[in-house]
Structure formats: C-alpha cells, structure tokens
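Subject: Structure for you to look at

Hello,

Here is the structure I said I would hand over. My notes on it follow below.

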Amino acid sequence: MPMMKRLPYLSLALTSASALAYEILLMKLFSVIQWHHFAYMIISLALLGYGASGTFLALAREWLLKYFPYTYVGNIILFGLTSMLCFIAAQQIPFNPLEILWEMKQLFWLLGLYLLLSLPFFFAANAVGLAFIYYKADISKLYAADLFGAGLGSFGLLGLLYLFFPASILQFIALTALLGALISFKELCLKPKTGLILLLAVSVLTVLFLGRENTLKINEYKDLSQTLRISGTKIVEERSSPLGILTVVQSPDVPFRYVPGLSMASVMEPPDQLAVFTNGDGMRVITKFPQKMEQLGYLDYQTSALAYHLGNLQNVLILGAGGGSEILQALYHKAEVIDAVEIDPQMVDLFRTKYARFAGNIYDKENVTVHTEEARGFIASSAQKYDLIQMSMVDSFGASSAGLQSLNENYLYTVEAFQLYLRHLKPGGYLSVTRWLKLPPRDTLKLFATALTALERNGVEDPKKHLVLIRGWQTSTLIVKNGIFGSTEIEQLEHFCDDRFFDTVYYDGLLKSKVNQYNILEKPYFYQGALSLLENREQFFSDYKFDIRPASDDRPYFYHLFKWKTLGEIFALRGGGGLHLLEWGYLVLIASLLQAVIASIVLILLPLVRYRKAKKHTMATSKKRVLLYFFVLGLGFLFLEIYFIQRFILFLSHPLYTVAVVLTSFLIFAGLGSSYSKRLAALKGYRKSARYGIVGIVIFGLFYILTLDHIFGFLLTQEAPVKIAASVVLIAPLAFAMGMPFPMGLSELGRHSESLIPWAWGVNGCASVISAVAATLVAIHFGFTFVMFIALFFYLVAYFTFPLQMKG
C-alpha cells in the first residue's frame, strides 16, 4: 500500500489523551473499589500492555504495515471499546487483596485483572506504535502530537472530575477515543470498509448502552461497605471531585457514636451524627449542633482536649477541619478566634448548604473562619501566630492500621512541617497532634522523634522540657510547647488524665511509677520508647522493629514503618492475627516491581527470537545499544516527572493543581521539544540532536537541585496564578530538552534498522512501568533528591549509547 501523505496528528493526539486520562481514571476508580496501593499495583501492571504492544508489533510488523490504515484505525476503535468493556468485566472478578496471602485463587483473579485491564493499553499503544513505524521519517512530529495529546488528557481529566462522577467519565473517555477513530478516516483518506464501519458503530452503541448504568462495586471490607451492613443505614448524599467521592450516610435505627478515643469516664453521649466517607473509607462525622453548649461536654473527654486545660487558648488553628469535631471542641472551650483549614471544598460546602442547619452553621459562626486550602501551604503563607495549632486524626484508622497508607506522601508530618508549626506559635503556645494508638508502638514514637528533631533544628537547647505525651485506650496526643512546661501545667496534665482514665506517657521528670496505670499494657512500651528516643536515639532507631526515623520533605513517608528484618517474625504470626502489623503498601510496591521486571524481561526477549532471522539490511544497529538507550530513557523520563511533582507540591500548596500543572507542562513542552528536534536534526543529525537534549537535561537538572529551594522561598508568598506561571516557566526548558532524545533515537533506527522500531517502543514502555514503581522505592529509602541524581545518570548513559549504525 502506498505511503499516506497526511499525518494522523489529531487522531493520534486524541488516542494519547484518552489513554493517559484512562490510566489516571483507573487509579481513581480502583482507589474507590479497593485501596490506593492495590490500585497502584493493578494499574501499574496493566500498563505493561504498552510493553506487550511493542512485542506484538515486532512480531507482526509486516502484516500490520501491509494493511496500515485499517490496522491503525481498528486498534483505536478496539481501545475505545475495551476501555469500557474491560473495566466492567474487571468489576465482576471477585478479587479481594486482603486474602491474597492465604487464598491461592486470589492470585488467579489478580492475573485476570492484569490481562483484562492491559487490553485497552495494548490497543492504544498499537495505534501509536504503528504510526511511528509507518511514518518513520516523521517520528518527531508524531511524538509531539502524542505528548500534546497526553498533556491535554491529564489536564482535561482534572476538569471532568470536578464536573462528573468518575464512573461516568469512563464513557466520555471511550467516546473520545472512538471520535479519534472516526477522524482518522478523514486524516488517512480511508475508504470506509463495511467491517470497520460496523465495528465502530457497534462500539459506539455498546459504550452508550453500558455507560448508562456503570456503578462501582466497592470492596466489602471497606469502611463504607461495613457501615451499610448496619440495619437501617442509607446513603443520603454523594458528591465527587478530583479529591475523591464523598458519601454521606444516615443511620436512624442504630445511631452513630463516633468519638475517637472517648474516655470510659465520660457519661455523656454525642448528639445525632451523619457519617461521611471519602472513597468508601476514612469515616468522619457531621455532628448535630445541640441546643445547649454543655451537651458538647463529651468532647472534653478526648485526649485531644488536653491543650485546653494547660493554658488560656484564645487563638486556635485547626488543620484538617473535616467533620467539624475539633471546631466544636474549640467552641466548647470558649476559644475566641478559630481558624480552620480544610482542603476538600465538598466537605466545606456540605456544612454551608444542605447540612448547615443540622451542624448549627458552625463554619459560618462569627468567630470561625474556614480556609479551603492545603494545611501546610496555608501556614507557610500566613504571618499569623496562634495559642494552639491542632491536628487531630488527620487520616483513616482503617487504612492506617492496615498499613495501606505506608506509601502516601504526607507533608504534614515531616520535620520541616513541625518546624514551621512551631514558628507560628505565640510564646507559650502549643502544637497538639492526636493520632490513633497502635500496638506495638509505631507512629506515636515516630511523631515524638519528629518533634524532638524539629525542636533541635529550631535551636531549642533542651527539647525534652518542651514535650508531653498522653494516651487513652484508642488515641494518643503529643503536645509540643513553644517554651518549657511549668509545674502548674504538669499538675493540670495529671489532673486531666486522672479524671479521664488516660495514661501519662511522657513529661520531663515523669516517674516510672506514674505510667501505665489505667489502660494497662504488659509493659510501659510508650514510656520506654520515649525515653530511648531521648537517651540513645540512633541506637533505638537501629534496634527497633519498625522504622520510626522522622520523615522529611525529601522523604515524606511518615506512614512507612516497615523493616525487612521484622517480616519473618510478623509473617509467622499470620495465623494469630498478626498480619495487621505488615505495611501492605510497601510490600505491594515490591510485588509490583518484581512482577513488572519479570513481565518486562519476557516481553523484551520474545522479539529477539524473530530478530535472529531478520535480514541484515533491516537491522544494522546493536540490539544491546537499542535496549539500553530506550530503557534508560523510559526510566529517566518518569524519574524526573515524579521528582518535579513532589517538589512542586509544597510550592503550589495543592496536590491536584501540582499534578495538573507539572504533568501537563512536562508533556506539552516535551512535545514542543520533539517537534523542534526534527528541524535541528536536519542541521546536526539525529545523534547530535539527541545529545544536545541530554546535555540540556543534565544542566537544567543540576541547576534545579542547587537553586529550586531558593526560588520557591522567594516566590512562596505570591498569589496562586503567579506561582502557577512560575512553575510553567521553570519546567519548560527541562521538558523541552526531554522531548528530544526519544524521537531522535527512533528516527535513527528508521534510517537503517526500521525493524527494531517496535521493539524499542516496547522496551521504552516496559521501562516506564518499572520506573514509576522504582522511583517511589528509591524515594522511600534515599529521598527525592537522589531520584533526581539517578534520573540524570540514566540520561548520561543514554548520551553514550545512542543507537548508531554498526560499521561494516
């Protein structure tokens, strides 16, 4: 078939936009259906469809190219169709990740999920890969269209998530892909064939029909599913945004009584409550405002109320307002000024609209100001100082206790965050942090170590005198003072704990005889841990069974507590309920990496069997150089993206805006770089053009490592539009350079080894899957700065392994 003169820019861009949007959406959907980290594993492995595509294209290249227009269009249609069908089918698979260690059939169901969800990516990658092979002289232009489309897809999905529920967006993505297929008919001047037109029509009708009743089937062990088992419970409200799905549940028959860590000494019951879940987990409550303030007295029987008994607190900042319990607690204790920060605008809207009367309009009271912002960003940009900064239960106990949050980056619990909080306290002010209690002690001790380190870095001479720690039967509260605790405060603390049957864990001078009195443990583990952190911290970090070293902004994994040396001991306890001690998120990441590496090896090696028989003139390049070059490019590109997303989160002060700005900027400007590389190659050749790009990447990368903190510090107080514009300007030159090495390498292969193009495409796809997992592991152990250095090393390897034609 003669070469098509027109390039399928628009259909390729729409396919790439749909594919990236589909990838991100699947992560959102499976985070609702399962848990975040199992979703991460499932989707990461499904993306090996890109690697499988490269293998398929390498093995069936001649036949696919012979019927190119039809195979190109057909793969786009199949992508649109399977993106809907495969997700619906995947929901019918009874996979339960919590049973995977003792039910072998779960591994079978997991394999079924991999195969099903990899199909759409396989077809999308086929379409893109076919275009690269067929138009080998114009790879730079097509790669630019691919990146432009992906950038617009990531940005467009964010907008759609503000407008629609995730399940309904699936239909929109499928239809967008099918629109791309329709457009490709015109772009390729293709004469309609009955079979292809019929496939397109059936696909459109199928997507329209199935999309009408596409509902999510949430895992039966998630908090929402368990709650709905209670007699009479019903969902009364659901809202969706990019932050997640909020579900409001009413229980008229068995009233909710959700007061974390409520003392056994409390004789008061909370008023009526409505439960609120985010993505089916993390229960919070909206409490009915009582007629008399005294009816909120039960809130004084939580460990989080301690700070109000230590001093006269008039100016209070609450981080993570959530369901408003901490605001009610502050109102009960007659705080004059209350600032509350809540990142989720849906939650704020619930309090100000539908449930305003029920909640007593607490978000709009005269002395309450609610800020819909990210907590860390709010404090960083504020000059206000407070008598009390309070963080209480800022995560889900279910996910936390199961280790499912162990890979969630959290910048609220880093040493730098604590330093910031302490600088925003008035003299004598308190930072109060309340968390769920776990045994053996883990994150409570990590929190204590974090506060100690922050005090030391802030120049406090004797930090042990600035700390107190108490615990109840379910929660612990750490209080850090901007000053030394006096004898009167210690007396108030002891009185507070004795009246409520709480245990004092630490204050300077605490006698061992006064600990472990009410909620009695076999040994005073928390007290012993606190003393060990004060007396011999590094040795304790090394010897302890869990990783309780403080998190930092460079390694913001507060929930990561796993140590390999403890795995055998915990696994031996699996029959006695010991599996809750496992940090599932970390182990899932390891499993994802191992599976990705094994699958990638198979997919990369398969085409080599065929290449042994290939004609010499179609393969005049060292396969080792091709493998290494495109593999390190796949690793390096994703490593850099992940590094920049994490670095810009604190600067832009919102994870959603950060992902949208960084990812879109990277892809758009990399597309511009790819487009420019074609013109540069006409003057300098493919190899030099690729090397120019790599040199630019290394120079800009090193520049940002040295200067990014200073630039962020200078711009931190600017308004959001200024910071977003600055972010785009900072990302643009690096991303532009990153768009050059890949198309130059493929173009070089097209010149003398065209049969290796699909293999290179598959190798790069496999590397991209591995890199997303590997970068997270590197960040957990060594920090994001190390991720950046490794990325630059990968690009330097690419500099010396460009796939040139072999001599002779």
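**Salt bridges**

Aspartate 387 and lysine 426 pair through their side chains in a salt bridge, at 4.0 Å from N to O. Aspartate 387 belongs to strand S8 (residues 386–392) and lysine 426 to strand S9, so the pair ties together parts that are 39 residues apart in sequence. A salt bridge here is a side-chain nitrogen of Lys or Arg within 4 Å of a carboxyl oxygen of Asp or Glu. Helices (H or I, at least four residues) and strands (E, at least two) are DSSP runs, numbered from the N terminus.

Before going on, please note that this is a predicted model: local features need pLDDT of at least 70 and side-chain atom pairs count only at pLDDT 80 or more, while totals for chains, interfaces and linings use all residues. Residues are numbered from 1 along each chain as its sequence is written, and side-chain values use heavy atoms, with hydrogens and water left out.

Aspartate 387 has a relative accessible area of 13% and is therefore buried, whereas lysine 426, at 29%, is partly exposed. The cut-offs are under 20% relative accessible area for buried, over 50% for exposed, and partly exposed in between (1.4 Å probe, protein chains only).

How many salt bridges does the structure hold? The count is 23. Another of them joins lysine 514 to glutamate 494, with the closest N and O atoms 3.3 Å apart. Lysine 514 sits in the loop between strand S12 (503–506) and helix H18 (525–535), and glutamate 494 in helix H17 (residues 487–500), so this pair ties together parts that are 20 residues apart in sequence. Lysine 514 is partly exposed, its relative accessible area being 37%.

In a further salt bridge, the closest N and O atoms of glutamate 538 and arginine 549 are 3.0 Å apart. Glutamate 538 is in helix H19 (residues 537–543) and arginine 549 in the loop between H19 and helix H20 (564–572); the two are eleven residues apart. Both ends count as partly exposed: glutamate 538 has a relative accessible area of 49%, and arginine 549 one of 34%.

**Helix H27**

Helix H27 covers residues 757–782, which is 26 residues. From its first C-alpha to its last, H27 reaches 35 Å, close to the 38 Å expected at 1.5 Å a residue; the expected span is 1.5 Å times one less than the number of residues. At serine 771, H27 bends by about 30 degrees, the bend being the angle between axes fitted to the seven residues ending there and the seven starting there. Of the 26 residues in H27, 22 are buried, and the helix is mostly covered.

**Backbone points to check by eye**

Leucine 439 and proline 440 are joined by a cis peptide bond, with omega about -10 degrees. Proline 440 is in the loop between strand S9 (425–436) and helix H16 (443–457).

Cysteine 189 has a positive phi near 50 degrees, in a residue other than glycine. Its loop runs between helix H8 (166–187) and helix H9 (194–210). Is cysteine 189 buried or exposed? It counts as exposed, because its relative accessibility is 59%.

Asparagine 279 is not a glycine either, and its phi is positive at about 55 degrees. It lies in the loop between strand S3 (273–278) and strand S4 (281–287). Asparagine 279 counts as buried, at 15% relative accessibility.

**Surface and layout**

Tyr162, Leu163, Phe164 and Tyr657 make up a nonpolar surface patch with about 440 Å² of accessible area together. Tyrosine 657 is in helix H23 (residues 655–684) and counts as partly exposed at 39% relative accessibility. Patches take residues with over 30% relative accessible area and no salt bridge, joining like charges within 9 Å and nonpolar side chains (Val, Leu, Ile, Met, Phe, Trp, Tyr) within 5 Å. Accessible areas come from the Shrake-Rupley method with a 1.4 Å probe; for residues, only the protein chains shown count as cover.

Valine 588, in helix H21 (residues 584–611), is buried with a relative accessible area of 5%. Valine 588 and proline 97 are 491 residues apart in sequence, and their C-alpha atoms are 9.9 Å apart in space.

Regards
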